[in-house]
Amino acid sequence: MVITGLGAISPLGMNIAQTWEGLCDGRCGIDRTTAFDPSGFSCKLAGQAPDFKIQSFLPKTLRKAVKLMSRDIELAVVAANEAFSVSGLVTRGIDPDNVNVDPTRVAINLGAGLISCDLVELAPAVAASAPDGKFDIRRWGNVGLELVTPLWLLKYLPNMLACHIGIIHDIQGPSNTITCAEVSAFLAISEAAAVVARGDSDIAVAGGAEAKVNPIVMFRQCLLNRATSQNNDDPASACRPFDADAGGAVFGEGSGMVVLESLRNAQERGARIYAEVAGYGHSNNICSAYEHLEPDGKGVRIAIDKAMADADISPEEIDLIIPHGMGIAADDLAEARGIEGALGKAVKDAVVFPTKSMLSCTGAASGALDVVAAVCAMSDEMIPAAKNCEKKADGCNLNIATESQRKKVRYALCCGYTYGGQTAAIVLKNVTG
Amino acid sequence: MAERVVITGLGIVCPLGHDVETVWEAMLAGKSGLATTTIFDASTFPSTFCGEVKNYDFAKHTNNPELHMHGNRGTRFVIGAAVQACRQAGIDVETDQPRDNIERERLGIYLGAGEGSVKSDVFFGAIVKAWDADKNEMDWRKWTEVAQSGMEPMHELEQEPNMPAAHVAMLTGARGPTRSCLTACAASTHAIAAATEMLRRGDADVMIAGGAHSMIHPLGVTGFNRLTALSTRNESPETALRPFSASRDGFVIGEGAAIVVLESLSSAKKRGVEILAEVIGYGSSSDAFRVTDMHEEGRGAIAAIRLALADAGIAPSEVDYISTHGTGTAENDSIETKAIKAVFGENAGRIPASSVKSMLGHLIGAAGVAELITCVMAIRDNIVPPTINLDDPDPDLDLDYVPNEARPMQVNIAVNESFGFGGQNNVVIIKRHQGY
């Protein structure tokens, strides 16, 4: 199973090139939140993607659909467009006159978040239901409700990311949307690989997208004390994965996509092959304080063990690890223990490059952006320097990339987890030459 | 050779009851689980009724209710459904030392699960306080003041759709592959299909698969009412959901959880557990048409049914029963009928095709597996459940929808269809398992 297309939109840029250059340059995509006034929030920071007009990414015939697109959907559409363009596959959305794929043989599998509605959009209807300054559900039923735009719900169903992309590019094969929060994209990419491997489709687009720059979503993370309240006046240093001064995560928005196909399919059409999906593994984190990772990182370790077994490699063959690395001290330490447990002695050699200090945590998109970053590192034989990990946290024995380095990456490991429990790992293989 | 996949446990919590036998008996008697909404005051909404789970106490199913007390309605339902299904399949729950002969790293979970609901008073109250109608903007400082005092951290966390799966993992100690998907009304049928594939591929020996969802909250009902997808026969909830009838006017939201234990045949044999049925095939497709409508000719639905038949290696004539998606909307029932005719040809009129949604309501993410469970029971008892409220058939819809009364008949192979908003189509086929 190989990757032949890549797409990204992130706090570092509109596409793969800008995102990867940003990571290599140590740029930080985190800044003070501008999407809304964050002054009442304990974390006033966010990783916001650039502004863009979604119309320019859509075929003329589908431009009416923009009214049904939440920000999450827009981000996914942008990244999927790039992934198909890069792959050389011509879908209906790329060029309807020169389609070179069989739409019934294309699958889609995306990670999506719990999309929160736009409160500003809803506010006039809510206000009309509170004539005395107190919300009255009965008035909502006969007055407020009627003011809600008829297709309102369709903007917020998580499966609509895949539906819109499917309609734009004419994807008629299997479609799925994984909603496992911050680990969703890994699960989606793995499932897509299985769909293609089984022969249910020849091609799959897979990844994830989420826009966490929404007041409710952000406030939730503040309430859970997952978002940092430190460094609000120094955004670039706020998110510090595996660092002794880690104070919490920063949340953002983005999307990452890959195009997957069988090696034979890719070779037959002469496609450029970026990497091979060599193996994956999944498990659960189980602990009573389930907003956190269990302290010994067992669920992460099992996922990595399974992914290495699936790829049939030993830990010594892994040259690059992109961890989940939230910047939440207890979770980072637990994750480090899980990685150390799986890699054993090899952990001192595998270079660890956390991305969230620059990309922020983009929720359901984060795993896909990490896969994209790992593929770029393989292609460029370049591992960027970790940002904001100046003094490694006590107890963390990972080999964090202190400086950027030229290096041929044979195998890269990406891993992740989410509150609640699901864990995942993916092994990518360098197939240059 | 891929592993064969069998069903070894069933569990359900839904508007017709809190266990499989009770629900099945009610269905065969043609009872409706729909009634006036009580969870919130819906008296002025266009639809004032729904299918609620009533008098259910999740704490009866667990020794550790505190661990699950923040769970959303779907999570609470899934605890009951999962515990029942695990018990039937001989899977030990809530123990560090299971004796069920299943390695925890080989025990996975796949749910089609929905989001929790916001606390309405806080959600709406914060907007009221913060909205400046003159400026047409929100004062986010004011909003945070209300949010800070009203939003509870764990309640917020539990709104995430991955949380029901997380609680099932805590109950069972499952350390195998675990996913949760949300492809609208097709979600839990997708979960069955994908979990089947994981067992075939050898990623796990046992998968706890199913769905959990409740959209019975003000925003959920608002959303579907604005789409004009819901029945508004408020005067008569029990007869409101009328799939395939001329007077059908939409679906009715239900809620609940449904779980099946899927297991590789070799694991089931090794453990010596009773095999309830075999999953012999699945099919999955997308309409790629419109986010608002199904493809007019049922292109995606047809593809999914055909793929499932091909995967199962059976001819259309071998199918004994079809559990339809049958939502009771004008569009679904007519396009689904077209799709069944296109695939089954001359057999279409002969194969009974009923909609148990007429009794359960539409469990959204959990609907597909609730319906799959009825297929398993139909095979066990050789009787198919009816489509109730079908006393004025739509003259354009001419399949055998099993109107109003359950029908005893030999059932060996059953097809379960689910079609999600936006065009995801999933079909699963199960078969009577004979001997070992």
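This short talk walks through a predicted model with chains A and B.

Some ground rules before we start. Residues count from 1 along each chain as its sequence is written, and chains are lettered from A, with ligands numbered from 1, in the order in which they are written. Because this is a predicted model, local features need pLDDT of at least 70 and side-chain atom pairs count only at pLDDT 80 or more, while totals for chains, interfaces and linings use all residues.

Let's take chain B. It has 14 helices and 16 strands. Those are DSSP runs, numbered from the N terminus: helices are H or I, at least four residues, and strands are E, at least two. The radius of gyration of chain B is 21 Å, close to the 22 Å from the globule rule for 436 residues, so chain B is as compact as a globular protein of that length. That radius is taken over C-alpha atoms, and the rule is 2.2 Å times the number of residues to the power 0.38. The C-alpha trace spans about 70 × 60 × 40 Å along its principal axes.

How much of chain B is buried? The share is 66% of the 436 residues. Buried means 20 or more other C-beta atoms within 10 Å of a residue's own; exposed means 12 or fewer, and partly exposed lies in between, with C-beta atoms placed from the backbone.

Next, the domains. An automatic or database assignment sets the bounds. In chain B, domain 1 covers 5–117 + 159–431, and domain 2 covers 120–152. Their C-alpha centres lie 37 Å apart.

Now the meeting of the chains. The contact takes 72 residues from chain B and 73 residues from chain A. Contact means C-beta atoms, placed from the backbone, within 7 Å. On the chain B side, helix 9 (residues 218–226) gives the most, with 6 residues.

As a general point, most residues other than glycine have a negative phi. Which value does A181(A) take? Its phi is near 45°, which is positive. A181(A) sits in the loop between strand 5 (175–178) and helix 6 (184–198) of chain A. A181(A) is buried, with 28 other C-beta atoms within 10 Å.

N388(A) also has a positive phi, near 65°. Its loop runs between strand 11 (382–383) and strand 12 (399–400) of chain A. N388(A) is buried too, with 23 other C-beta atoms within 10 Å.

Technical notes: Contact = placed C-beta atoms within 7 Å.
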